[in-house]
Amino acid sequence: MPGEGEPARRGRPRDTAVDQRVLDVAWDLLLTGGYAGLNVDEVAEQAAVAKTTLYRRWPTKDHLAVAVVTRTIRPVTVPDTGDLCHDLTEYAVGLAESLDTYRMAGRADGVSAGLAAELVAAAARHPDLGDVVRGVHTRRRAMLLARLERATEREGLRPDVDHTMLIDQVSGPIYYRVLITGAPTDRDYAGRLVSAVLQGALAPAAKAVPDPSP
């Protein structure tokens, strides 16, 4: 199959074993050295792959990094337990943990955005990579929209609430902390964030938002 952001090609079928070796080596380099530690020459050498082969599949370092991340990214799920506060908190925790994997790659301080910021920059530099990254977010947003539709039907979410705006209110502050401030995005923060958002979104009879803390 073609790699992320790479057009389909005619001819000999692509050797998936080569993909596996390259992406495994690239991920190890990203984990230990961050984006700066990802060196295409070193990837080719360690994976025993010709540089021409590597560049045919991933034309830039950005393309290789994004291919690694789309392969290793932790799935962010949206539970449906019947408790909207709990379910959105679990989503927020999963999102934060997924982003933190890349914030911490190759970094010791846990504050700077690290690889997470580099991936955003790569998506801005290359339209095809932007499409890949937006595709990930589109799939997550679809799950959230479906969950909020059910919450409107059965859990007291006000029918006049803009679901897209509510998703932005939950997700946006987590990206802000990861990419800008470096402030914690732990479960306590996720719970307080979701509770604050839902206080303005639930119908009066449903405004007793439970404490999401264990």
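A residue counts as buried when its relative accessible area is under 20%. By that cut-off, Asp 62, His 63, Leu 64, Ala 65, Val 66, Ala 67, Val 68 and Val 69 of helix α4 are buried in this predicted model.

**Helix α4**
- Helix α4 covers residues 61–72, and its 12 residues should span 16 Å at 1.5 Å a residue. Its end C-alpha atoms lie 17 Å apart, which agrees with that expectation.
- The N-terminal end of α4 is capped by Thr 60, which has a side-chain oxygen 3.3 Å from the backbone nitrogen of Asp 62.
- The buried residues of α4 pack against α1 (16–33), α2 (40–47), α3 (51–57), α5, α6 (114–125) and α7.

**Helices α5 and α7**
- The axes of α5 (residues 84–103) and α7 (residues 127–154) come within 11 Å and cross at roughly 170°. Because angles over 145 degrees count as roughly antiparallel, α5 is roughly antiparallel to α7.
- On the α5 side, the contact is made by Leu 84, Asp 87, Leu 88, Tyr 91, Leu 95 and Ser 98. On the α7 side, Arg 140, Leu 144, Arg 147, Leu 148 and Ala 151 take part.
- The residues of this contact divide into 7 nonpolar, 1 polar and 3 charged.

**Ser 98**
- Ser 98 sits in helix α5 and has 3% relative accessibility, so this serine counts as buried.
- Apart from neighbours within four places in sequence, Ser 98 is in contact with Ile 73, Arg 74, Val 76 and Arg 140. Arg 140 is also one of the α7 residues in the contact with α5.

How values were computed. Residues are numbered from 1 along each chain as its sequence is written. This is a predicted model: local features need pLDDT of at least 70, side-chain atom pairs count only at pLDDT 80 or more; totals for chains, interfaces and linings use all residues. Side-chain values use heavy atoms; hydrogens and water are left out. Axes are lines fitted to C-alpha atoms, for helices over the stretch in contact, and angles run from 0 to 180 degrees between N-to-C directions. Helices (H or I, at least four residues) and strands (E, at least two) are DSSP runs, numbered from the N terminus. Angles under 35 degrees count as roughly parallel, over 145 as roughly antiparallel, 65 to 115 as roughly perpendicular and the rest as oblique. Contact means heavy atoms within 4.5 Å. Ala, Val, Leu, Ile, Met, Phe, Trp, Tyr, Cys and Pro count as nonpolar, Asp, Glu, Lys and Arg as charged, and the others, Gly among them, as polar. The expected span of a helix is 1.5 Å times one less than its number of residues. Buried means under 20% relative accessible area, exposed over 50%, partly exposed in between (1.4 Å probe, protein chains only). A polar contact is a pair of N or O atoms within 3.5 Å; within protein, one must be able to donate a hydrogen and the other to accept it, and residues adjacent in sequence count only if both atoms are side-chain atoms.
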